[in-house]
Amino acid sequence: MGHLFSAGSAVRRRALAILGVTLVAACAHSLFPFLRRGQDLLWGRSGDPPVVSVVEETRRMVDRAIYHTVKRDLSQRGVPSPSQLLSFSKRPEPTSRAISRAAEIMEASLQALKTRVSGKLRGSWPPTDVLPEDVLNTVANVSGCLPYMLPPECPDTCLARKYRLVTGACNNRDHPQWGASNTALARWLPPAYEDGISEPRGWNPNLLYGGFPLPPVREVTRQVIQVPNEAVTEDEQYSDLLAAWGQYIDHDIAFTPQSTSKAAFGGGADCQLTCENQNPCFPIQLPSNASGSAGGSCLPFYRSSAACGTGMQGAFFGNLSSANPRQQMNGLTSFLDASTVYGSSPALEKQLRNWTSPEGLLRVNTRHRDAGRAYLPFARPTACAPEPGPHGTVTAPCFLAGDSRASEVPALTTLHTLWLREHNRLASALKALNAHWSAHTAYQEARKVVGALHQIISMRDYVPKVLGPEAFQKYVGPYEGYDPAVDPTVSNVFSTAAFRFGHATVHPLVRRLDAHFQEPPGLPPLRLQDAFFSPWRLLKEGGLDPLVRGLLARPAKRQVPEQLMNEELTERLFVLGSSGGLDLASINLQRGRDHGLPGYNAWREFCGLPRLQTRADLRTALANASIAGRIMDLYGHPDNIDVWLGGLAETFLPQARTGPLFACLIGRQMKALRDGDRFWWESSGVFTEAQRRQLARHSLSRVICDNTGLPSVPADAFLTGRFPRDFEACENIPGLNLDVWREPPPQGDACGLPDGVDNGDVTLCGETGRRVLVFSCRHGFQLQGREQVACAPRSLLRPPVCRDVNECEDVTAPPCHPSARCRNTKGGFSCECTDPYVLAEDGTTCVDSGRLPKASWVSIALGALLVGGLAGLTWTVVCRWAHAGRKASLCIADSGGRGACQRGLGTCQDTNASNLLPPLGAQGRCPLLAVSPNGSPPCGQQWEEVGSSDLCRPEGTARPRSGYLAHPQCCFAQELGPRSYSCQYDSHSDSTATRGPLGKAHWSPHHEEPTSPSEPANIVERVLPGLGHEELVFRVVVPECLVLPHKLLMNNQGARRDSPGSRAAESTYELGTALRPEEGWQRSPRSSLPIHLPVHLEPSAPASPPKLDSRCRLGLGQEPARLALVDAPAPG
C-alpha cells in the first residue's frame, strides 16, 4: 500500500512539473512578444546581423561628413573666418577626436536602429530594459566606443602612487575615471532636453515653455548683454591679471570638444551654410534686420560632442545605462594640475617634452627668443594671423602648449609662456641639486611643483576674491584632507555657465606698458579684434614684459549688470579679416541650451536659493530693475531664463565679483576639485612638511620676477598696482628655497641603476623602507617585461624593453582616415597620401589638392613631345612633297660629267641640275655646302664634312634658299708694322696681291642685308692680332629654317699656294672647333650663331697651282662666299 502511495505521489509530481513548464512557456509567449520580435528585427532570422550593417553604414555616413569638413577647410586657404578660428580653438587632441567620432557613430547608429525597428513595429517600441545586451555590445564595439566605456587599468607602482598620470585617470583608486580626461562632465541636475534624451532647448522653435517660446539668443545679446566699447566701467580694485587668470584656470580644468564634423550627418548641408537644425548643426538665428555669415540669417554653431555611452544609446539600452541622456565630454583632466602646461594625454605630452634634455625640460621655440628667455614652440597647423606685410602668407604658426587655446589672446599666451619658463627653471635647478636624478624624475618633480603652485594661486589668491569671504567660507571652507568619496569631475553647469562669468570681466583693450609703466608711442593699446590669434605681436612687438606690465598695472573690466559684455566680444569675436564675426554671449547661451542645462530657477533651488516667480521677485535678485524688465519681456517667466544670463545679472555678494548663484556653483566645484584630488598639494604624503612651507611662500608675483625682466612687482598680482607706489622689488618677494628638495644619493645601495632604457625611462623610487626600479615607456612604445622590479646589482639586472607599437594594426580605432595609407614609424605613425591628394590639417585625412598629379604632368610633357614630333614629321613630309619634282641642288654646276664619290659621303648625284644660285661671276660657286642627312655631295671634287648646323631664320623671306658665308681675308705675309699684318688674296689670275688688314670678319649687329643674292653684304672687320695659328670664324646666315640638321661640307680643292716661297705655302692654319659667340658682338634672336668650322686646309705642294675647275675656287676676295643647300633627291 505504501509502495502504491509513493508511486502515485511521483506521478503527481511529474504531472505538476509538466504543467509548470507549460505555464511558463505560455507566459513567456504571451508576456514577452516584443523580445523575440525585437531580436528578430535586429538580427534577422537567417543569421545575418543587420545591426552590424546599420552601424557600418552609419560609420560611413559620419566619416563622409567629417571628410567634407576637412576638404572644405583645405579649400578655404584664405584668412581664417571667425567660425574657423573657433573650430581651431576647440579642436580636440587625437584621443578626444577618436572618442568624439566613436560617440557620434554610436548615437547615429542607435537612432537609425530606433527608426528601423519602430517602423516595423508600427510605433510599438519595446521596453528598453529587455533588449539584448549583446546588441549594445555589438554597437559599442563596431562604433569604437567600447574601449572608452570601460574603466582604465591603473598601474600599481611606486611612481603611480607618487606622481599623477597625465590623463588624470586612477586618481581615485576605486573610481579610476573620476576626473580623468575624455570622460563625461558631471551632472548635478538632470538635463532639460526637449525630447528628454538629446535635443537641445530651443531645437523646436514652436515648443513653448510655460506658455512662452525661448527667445533667440542673439536677440538676448542685443537687448540685455551688449554695450559699446566706450561704455566700460573699470574695476577699482582688481587688475586685468585677475580676469586673465580665471580664463587660464578654466582652460586647465575644462575643454568641451565640438563635433568632429562641421556638416550635417546623413548628407546634409554644411553647418557654415545652413540655418536649419540638423545634427550637429545648431545655428544661432539672427533677427530679420540683421545679417550673418551663413546665408545672411544665422551664425554657424556646432553642437558639442557626446560622450560614449550617453544620449540616444543610453535611452535605447537601459539595461546598461538606465536611460542616461546625452552628456558632453571633457577633453582635459578635471584637476588643477597644470594641464595647460603638460597636456592631458600621452600624445600631447610627447610633443611638449624635450626628450633629449637630461634635466627634463619642456620644448621651447628654436626660432625666437625674448631677451634670452624662451617662447612657446610653434604648433601645427598654421592657423593664426600672420604679421602684416608683403609676405603673401594668409596664416602663421600658433603656439603649442598643453591647451589648444593658448594663442587666443595675448593675456593667455603670456601666462602659458610664464609657466613654460617656470618649469624649465625649476627642472634645471632640481637636477643641479640632485645630479643622480634621471631626466624623468627631474621632469616629474618640477611638474609636481608647478601643479602645486597652480592650486595655491587659484585657491588662496583667486577664488576668495571672486566668491567673497562669506561665500568662500560657506561653500569651500578649510582643507580637511583627501576624501575618496568626493567626485572631483567638473560639472556641466560649472564649465558651460558658472565659470564663464569671467567673459564679462574681459577688457576690450590690450594694454602694453614700458619700463616706466607708461604707454609707449610704438605700442599703443590694441583692440581685441587686432589681437586674436596673433602670436606675432608677442614676437615682434616688445616680447612678454610689456604685456605683463599691462596686466599688473591696468584694471580689469568691472562686471556691471547694464554693461555685461563689450562689442569686441559680441560683434567682432575672432575677426582677422574685414568681414564676419562671432558673438561670444550668444555662443555661451546657445552652448547652455545645447548641453541641456536647466533654467535659472532650477539652479537657484539646487543652491538653496528661493525660486523667483514674478517680475518683482526678479527685481530683488538682479541689481538693475531695467535689466530685469527686459529679461522678463524676452523670456516670459524666470523659469525660462538661461542660467548663464541669470547668474551673470545678479547683485554681487559683499567683497565678491559674483552673485549668490554663481558663488554657490563655483564654490561647490572648487571644493570638489580640492577634496577629491589625491594629489592635492596639502594632502598627506604628497610633499614633506618642509616643502609645503616653502610652497606656501610662493606666489604669482614671484613667478613673474623669476621669468621676466621686471625688477619690481605688486606683492599681490591680482590687485591693481600703481607704479611705483604699490610695487615691491623682486628681492623682497618671497620664493622657494629648493634645498628642501635635495635628496642625498643613496650610499651602499644594492640598486644598480641601468644607463637607461631605449625609448623609455627608469626611475629609482623608494617607499615603505624599500627601494625599487620603475620602468616606463614613452608614448608609442609598450613595455615588455615587469614594470617594477626590486633592486639588484647591475650585473644581475635584466631590464625590460620598450617595443614599438604598430598603431596601423589597430582595426577598432584606425589612426588614419580610410583615404590615407597608414605607415608605422618608430614611436608613432604617419598617414600618407597618393598624388595629387595631400594630408589635411588633422594629419589623418587625405583630400584633393586641386592640382594635377605629377604623373599627369609627365604624361602631358610626353604628349607634347609626341605632338611636336608628329608636327615636325608632318612639316618634313610637306616640304619634301613641295620639292618632289626638283633634282638635288648642287653647289658646282658641272657640265654633265659624273665622277667617283669621295669616301664616306654617299652616292654620286647628277650634277646637271638646275641651281637655285645665280653664278658668282669668275669666282664660281661657293666652297661650302649644307647637305641634308639623306643628301649627297657632288662628285668630282674633294668635299670634307666639317660640322653640322641647325640654322633657323623664322622670319625668312621669299629669297632663294641660300645664305652667305663671311670669312676672313687671312694669309700670312710680311708684317707692315707692329701688331699689323699684310694679307693677299688671289683672284682668278696671278695678279699682284692686294694687301689688307688681318682680322676676323663677322656680320655686324647692324649690317645691311643684301638687296639680292648676288650682292654682297657689308662686312665689318675687326682687327685682332694673330698669335701663331689663327682661329677663323665663319658666320652663316640662312633665311629659312632647315627642318633637320644639315651636314656642312667644304671643298678642300679650293686651298692653294699663292706663290712659291710664300709664308702661306709654308703654314698650316686651322679653323676652330667650338661654337661660341664672339666677345663684344651682340647676339640677336634674329641673327645666326657664329660657327667655327673644324677644317684643316693643307697648301698644295707643287710650285705651280694645281689645275682647278675654273668655276670653283676657295674665294679669298672681299665678296663673301655663298652657301648652297643640297636637299635629298626626290623619291624615284
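Predicted model: local features only at pLDDT ≥ 70, side-chain atom pairs only at ≥ 80, totals over all residues.
1. Helix α9 with helix α25. Helix α9 covers residues 217–225 and helix α25 covers residues 625–635. Their axes come within 10 Å and cross at roughly 160°. An angle over 145° counts as roughly antiparallel, and α9 and α25 are therefore roughly antiparallel to each other. The crossing of α9 past α25 is right-handed.

2. Residues between α9 and α25. On the α9 side, the contact is made by Glu219, Val220, Gln223 and Val224. On the α25 side, Ile627, Arg630, Ile631, Leu634 and Tyr635 take part. By class, the residues of this contact are six nonpolar, one polar and two charged.

3. Helix α15 with helix α16. Helix α15 runs over residues 410–433, and helix α16 over residues 439–467. The axes of α15 and α16 are 9 Å apart, and the angle between these helices is about 130°. That angle makes α15 oblique to α16. As with the pair above, a right-handed crossing is found where α15 passes α16.

4. Residues between α15 and α16. Helix α15 contributes Trp419, Glu422, His423, Leu426, Ala427, Leu430 and Lys431. They meet residues of α16, namely Ala442, Tyr443, Glu445, Ala446, Arg447, Val449, Val450, Leu453, His454 and Ile457. The contact of α15 with α16 divides into 11 nonpolar, two polar and four charged residues.

5. Cavities. How many cavities of 30 Å³ or more are there? The count comes to 18.

6. Lining of the second largest cavity. Which helix gives the largest share of this lining? Helix α16 does, with six residues. The lining as a whole has six nonpolar, three polar and five charged residues.

7. Cis peptide bonds. Most peptide bonds are trans. The bond joining Phe723 and Pro724 is cis, with omega about -5°. Pro724 sits in the loop between β13 (712–714) and β14 (727–729). Another cis bond runs from Asp835 to Pro836, where omega is near 10°. The loop that holds Pro836 lies between β21 (828–832) and β22 (837–839).

8. Positive phi. Most residues other than glycine have a negative phi. Cys170 is not a glycine, yet its phi is positive, at about 65°. Cys170 belongs to the loop between α8 (158–162) and β1 (183–184).

Notes:
Residues numbered from 1 in each chain as written. Heavy atoms only, no water. 1 Å grid on protein atoms, 1.4 Å probe; cavity = no way out; pocket = protein on both sides within 12 Å on 5 of 7 lines; lining within 4 Å. Points joined across faces, edges and corners; volume = space filled by probe spheres on them. Helix = DSSP H or I, 4+ residues; strand = E, 2+ residues; numbered from the N terminus. Nonpolar A, V, L, I, M, F, W, Y, C, P; charged D, E, K, R; others polar. Axes fitted to C-alpha atoms, helices over the stretch in contact; angles between N-to-C directions. Parallel < 35°, antiparallel > 145°, perpendicular 65-115°, else oblique. Left-handed = near helix turned anticlockwise from the far one by under 90°. Contact = heavy atoms within 4.5 Å.
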